[in-house]
Each structure stands twice: as C-alpha cells, then as structure tokens.
Amino acid sequence: MAETISQDTPAVGSVAERYALALLAHADELRAQDPGALDRIAADIQGFARIASGDAGFRAFLADPRLSAKQQQGAAFALADKAGVGKEVRNLLGVLINNRRLAELPAVAAAFGAKLAERRGQQVAHVTSAFPLNDTQRAQIVARLTESGFSGVQLSETVDRSIMGGLIVRIGSRLYDNSIKSKLQRLQYAMKGAA
C-alpha cells in the first residue's frame, strides 16, 4: 500500500520544509548503522501525523498558542507513546515544541513525505476529502490512479469539511474534482444559465 502524507506540501523554503529536510538528513546519517531507519522514520511521522489530523481535539490543541511548552510536550509525547513512534520523531516533536512550532507538525510531515517521494521517484496525489480516509479508501484511490497511468503514487491527504463529500484529487497537472460542493456549484450555474 502507498504511504500517505497528512497535508498539502508546503512551499519551497518554508519553515516546515527546513524541519523536514533536517529530519531527512538525520535519517540518512542513521542508515549507515540501521538500513531501515529511513522507512521506519517515514512510517512514524506519517502515522503520527495521520493520528493527529484525525483527532479534532488534537488539531485544536496544536493550534492553541496559549498552551505552555510543558503542556504541549505532555500531550504530544503521550500521543507519540500511544502511536509507538521512535525516538527520532519524538525528538522532532521536542524541537518543534521548544521552538513554539508544534502547529507546523502537519506541514513538516507533508514536506518530509514529499521530499522522500521525490527522492524515490514517486508521484504525489493531493487528496482532499470531507472526512479522514480509511485504509481501504486509500488503497482504492491508489489503484484507480495506477489504472490511469500514474506510478508509484503517494497520497497527501487533507480534510476539508466544506466540500461536504466526495473527493478532490490533484496529481501533476491534473485535477479530478468529484466533491459535492463542486457538483452543487455546477448545478447552480446550469440553473442560472437556463433562467
């Protein structure tokens, strides 16, 4: 099954990209002693970001600037322990918290995944859904994109409740918009044209 990214890829040179590149460089250093380090770290950060993005309370927690570093550290480390992430991602969380950048975590995970996909020659499909995707839905999306001629597809997931349902998929220069919001807008335009 394809790896996933939790959010859209941040802009080149962004804060999130710099953290992602630092984590990628650290993973490269570890590969001399542990050949599976890069895959393990990628799975840890993507899994943690997926759990964090699926929990509305944790998303609100990430965005709350009133919380102290100690409060953020306690909650983030508890979730990291629950997710079973390794020390590298746990250390990244600590650095983000100490630098008051914990809210950047989803963007850091997205940037890490995008850089790793680029390195591996994979294509990133940006998928927007009204609700978090499950593993079956992810596999179906990857299968459909593979049938359409895309290879090595990696998903970048965004949850946007305003689309009401359906999916928006952007891969390369192609955009597939099958959201309920877009369908309603097209119907509205068609009804205005008929009047």
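## Helices α4 and α5

In this predicted model, Ala 69, Gln 72, Gln 73, Ala 76, Phe 77, Ala 80 and Asp 81 of α4 meet Arg 90, Leu 93, Gly 94 and Ile 97 of α5; contact means heavy atoms within 4.5 Å. By class, the contact of α4 with α5 has 6 nonpolar, 3 polar and 2 charged residues. Ala, Val, Leu, Ile, Met, Phe, Trp, Tyr, Cys and Pro count as nonpolar, Asp, Glu, Lys and Arg as charged, and the others, Gly among them, as polar.

The axes of α4 and helix α5 (residues 87-98) come within 10 Å and cross at roughly 160°. Axes are lines fitted to C-alpha atoms, for helices over the stretch in contact, and angles run from 0 to 180 degrees between N-to-C directions. α4 and α5 are therefore roughly antiparallel to each other. Angles under 35 degrees count as roughly parallel, over 145 as roughly antiparallel, 65 to 115 as roughly perpendicular and the rest as oblique. α4 passes α5 in a right-handed crossing; a crossing is right-handed if the near helix is turned clockwise from the far one by less than a right angle, and left-handed if anticlockwise.

## Helices α2 and α4

Helix α2 (residues 37-54) packs against helix α4 (residues 69-83) at an angle of about 120°, and their axes are 10 Å apart. That angle makes α2 oblique to α4. Here too the crossing is right-handed.

On the α2 side the contact is made by Phe 48, Ile 51 and Ala 52, and on the α4 side by Ala 76, Leu 79, Ala 80 and Ala 83. This contact has 7 nonpolar, no polar and no charged residues.

## The whole protein

The secondary structure comes to 8 helices and 5 strands. Helices (H or I, at least four residues) and strands (E, at least two) are DSSP runs, numbered from the N terminus. From the N terminus on, the order of elements is β-α-α-α-α-α-α-β-α-β-β-β-α.

The C-alpha trace spans about 65 × 40 × 30 Å along its principal axes. Of the 195 residues, 43% count as buried (under 20% relative accessible area, with a 1.4 Å probe and protein chains only). Among contacts between residues at least 6 apart in sequence, 72% join residues at least 24 apart.

## Basis of the values

Residues are numbered from 1 along each chain as its sequence is written, and side-chain values use heavy atoms, with hydrogens and water left out. Local features need pLDDT of at least 70 and side-chain atom pairs count only at pLDDT 80 or more, while totals for chains, interfaces and linings use all residues.

Definitions and conventions
Buried means under 20% relative accessible area, exposed over 50%, partly exposed in between (1.4 Å probe, protein chains only).
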